[in-house]
Amino acid sequence: MRKITITETITLLDKLLEIIKGKCNDTTPDRYLAIYDLIRKIRACMTALIPIKTYDILCVPVNLLYRCMIADLLISLLIIMIDEECFDKVMYIMDYHYAKSLKKALNAEINAKKDLYLDDANEFEQLSLDYQKKHYDFFVDYLQSQPGEEWIFNKKPNVNIQGVKFDGSVDSIYKILINYQDVKYIASVYEYYKLFSQSEHYSLKNRIFIYKQDFHENYYNKTRGFIYLGVKYIYDNLL
């Protein structure tokens with residue numbers, strides 16, 4: 001695989017974004033909108049790399065940028081490979097996980113106010129219910145409960161693709177993609193995803209590699225090559 005520059009990758013990303021944007025209207029399928037959003041995210045991360053001339057101490061944030069781009073690329077490839085019915089199920093699970101995470105964030109916001117209501121448990125309980133009522137419409141597709149009630153989430157549906165259970169994780173997406181011959185090679189970039197993830201998880205053994213520019217730059221070059229191939233595949237097969 002030849003060395004692909006950041007500029008080359010951005011040029012291809014922009015071409016794909018322009019084509020999708022030109023076809024977007026009120027009846028555009030969600031599949032196209034999802035691809036558009038994911039490619040924009042990759043474009044944003046790639047743009048953030050432009051001013052970085054030497055990595056050194058910046059290896060950690062750069063690793064995480066590449067990690068994010070790999071995840072978005074793999075999700076984009078999955079969307080390309082599956083049919084519309086399967087896409088709807090995949091998006092439901094992705095939205096389901098997002099909704100549960102946002103609910104935890106709301107809980108944290110509510111609990112941060114708890115000290116203000118130490119002398120009035122009923123008032124604090126009402127605050128919690130008011131928060132849930134305020135955001136109910138956003139979560140309604142994932143809830144069993146009615147407005148004004150404590151939220152109870154639906155049971156997450158089971159979705160199997162190519163004999164693999166899809167649970168919303170990047171790992172499950174990779175395991176699905178390697179069953180598609182056309183993208184099996186591109187999907188192997190997941191190994192770099194796992195490598196870059198180590199920057200998020202500290203260990204004493206890992207610390208000697210964190211700031212080694214030549215060590216990381218080799219993987220950055222390889223990852224850009226995979227991203228370019230993946231975006232090219234989407235460009236050739238989406239429309």
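I began with the largest nonpolar core of this predicted model: it has 63 residues, and Leu-74, Leu-78, Ile-161, Phe-166, Leu-177 and Ile-234 touch the most other members. I took a nonpolar core as a set of buried Ala, Val, Leu, Ile, Met, Phe, Trp, Tyr and Cys residues joined through side-chain atoms within 4.5 Å, with buried meaning under 20% relative accessible area (1.4 Å probe, protein chains only). Helix α3 (residues 59-81) gives the largest share of this core, 14 residues; helices are DSSP runs of H or I, at least four residues, numbered from the N terminus.

I noted a second, separate core of twelve residues, Ala-99, Ile-110, Leu-127 and Phe-153 among them.

I then looked up Ile-234. Beyond its neighbours within four places in sequence, Ile-234 contacts Leu-16, Ile-35, Ile-39, Leu-73, Ser-76, Leu-77 and Ile-80 (contact: heavy atoms within 4.5 Å).

I turned to helix α8 (residues 190-197), where Tyr-190, Tyr-192, Tyr-193, Phe-196 and Ser-197 are buried. Seen down the axis of α8, these buried residues fall within an arc of 150°, so they line one face of the helix; the arc is that of the directions from the helix axis to the C-beta atoms.

I recorded the lining of the largest pocket by class: ten nonpolar, one polar and five charged residues. Here Ala, Val, Leu, Ile, Met, Phe, Trp, Tyr, Cys and Pro count as nonpolar, Asp, Glu, Lys and Arg as charged, and the others, Gly among them, as polar.

I note that local features need pLDDT of at least 70 and side-chain atom pairs 80 or more, whereas totals for chains, interfaces and linings use all residues. Residues are numbered from 1 along each chain as its sequence is written, and side-chain values use heavy atoms, without hydrogens and water.

Key
Buried means under 20% relative accessible area, exposed over 50%, partly exposed in between (1.4 Å probe, protein chains only). Helices (H or I, at least four residues) and strands (E, at least two) are DSSP runs, numbered from the N terminus.
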